[in-house]
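Subject: Structure handover

Hello,

Here is the structure I promised to pass on. Please open it beside this email, and then read my notes below.

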Amino acid sequence: MSNAEATASPDHTGTGSGSAPAHNPEAARLRARLEPAVQANRLYLEDVAIIPGSHRVVHVVVDLPQEETGGVSLDVIADISRVLSDVLDNDPNDDGRPYDLEVSSPGVGRPLTEPRHWHRARGRMVKVNVIQGENVTGRIHAVDGGGVTVIPEMPVKKGMKPRQGDPVKLPFDRIRNGKVEIEFSHLPEDGLEPEHNGPSEEA
């Protein structure tokens, strides 16, 4: 199983109301309660959602800080799951009803919509959907406060080695969104971090 799909789902009893859909006030309350514990473990709390059912599911998505590369390992997922389980079990506003806790990391299919997403994707091949311009497919070379620098991959005939174009700086206000392109092999280029974009890592 890939790190992107890694989920630890221990059974528990007790959390807040799960009758409302995800991104409801209860999910926001739990996010505020869980976030300090996530940050204390050097992780970023991406999302908290509540999925109703006979056993409600509290689904938590955690990611590495934006300055780090790579994926959230299965061991880290397991460790933070135990920490968050203790936090929820000691929730003073717990109504005593059972729930399942699921903790995962973002997958490669997550759209790149925030600056931190682009930072986390440094060195990866991406497709950038540009506002009022041609879309760009290439490797992220750098990310700063103003935008993303991409080294485009130019189209070539089948069987030929991909050719790189000149770096293109795309300001954030010109980017609609982006998506990581899955690669099953990639030889490091000068100035780029060696990354594997296959399904064994998250985006």
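Start with Pro106, which lies in the loop between β4 and α3 (115-120). Helices (H or I, at least four residues) and strands (E, at least two) are DSSP runs, numbered from the N terminus. Pro106 has a relative accessible area of 7%, so it is buried. Buried means under 20% relative accessible area, exposed means over 50%, and partly exposed is in between (1.4 Å probe, protein chains only). Gly71 is 35 residues from Pro106 along the chain, and their C-alpha atoms are separated by 8.9 Å.

Two notes on the source. This is a predicted model, in which local features need pLDDT of at least 70 and side-chain atom pairs count only at pLDDT 80 or more, while totals for chains, interfaces and linings use all residues. Residues are numbered from 1 along each chain as its sequence is written, and side-chain values use heavy atoms, with hydrogens and water left out.

Now the helix pair.

Two packed helices are described by the angle between their axes and the distance between the axes. Here, helix α1 (residues 25-40) packs with helix α2 (residues 74-89) at an angle of about 135°. Their axes are 10 Å apart. Axes are lines fitted to C-alpha atoms, for helices over the stretch in contact, and angles run from 0 to 180 degrees between N-to-C directions. α1 and α2 are therefore oblique to each other. For the cut-offs, angles under 35 degrees count as roughly parallel, over 145 as roughly antiparallel, 65 to 115 as roughly perpendicular and the rest as oblique.

Which residues meet? From α1 come Leu30, Arg33, Leu34, Ala37 and Val38, and from α2 come Ile80, Val83, Leu84, Val87 and Leu88. Contact means heavy atoms within 4.5 Å. By class, the contact of α1 with α2 has 9 nonpolar, no polar and 1 charged residues. Ala, Val, Leu, Ile, Met, Phe, Trp, Tyr, Cys and Pro count as nonpolar, Asp, Glu, Lys and Arg as charged, and the others, Gly among them, as polar.

Next, the strands.

Strand β3 (residues 56-63) is mostly covered, with 7 of its 8 residues buried. β3 is joined to strand β2 (residues 44-51) by 7 bridges, and the two run antiparallel. Two strands pair if DSSP finds at least two bridges between them. A hairpin of 4 residues joins β2 to β3. Ile51 stands opposite Val57 in β3. Strand β4 (residues 98-104) is joined to β3 by 6 bridges, and these two run parallel. There, Arg56 stands opposite Tyr99 in β4.

Ile151 has 11% relative accessibility, so it counts as buried. Gly138 is 13 residues from Ile151 in sequence and 5.2 Å away in space, C-alpha to C-alpha. Leaving aside neighbours within four places in sequence, the contacts of Ile151 include Gly138, His141 and Pro167.

Last, two loop residues.

Most residues other than glycine have a negative phi. Arg42 is not a glycine, yet it has a positive phi of about 60°. Arg42 lies in the loop between α1 and β2. It is exposed, with a relative accessible area of 55%. Gln132 is not a glycine either, and has a positive phi of about 55°. Find Gln132 in the loop between β5 (125-130) and β6 (136-143). At 80% relative accessibility, Gln132 counts as exposed.

Best wishes
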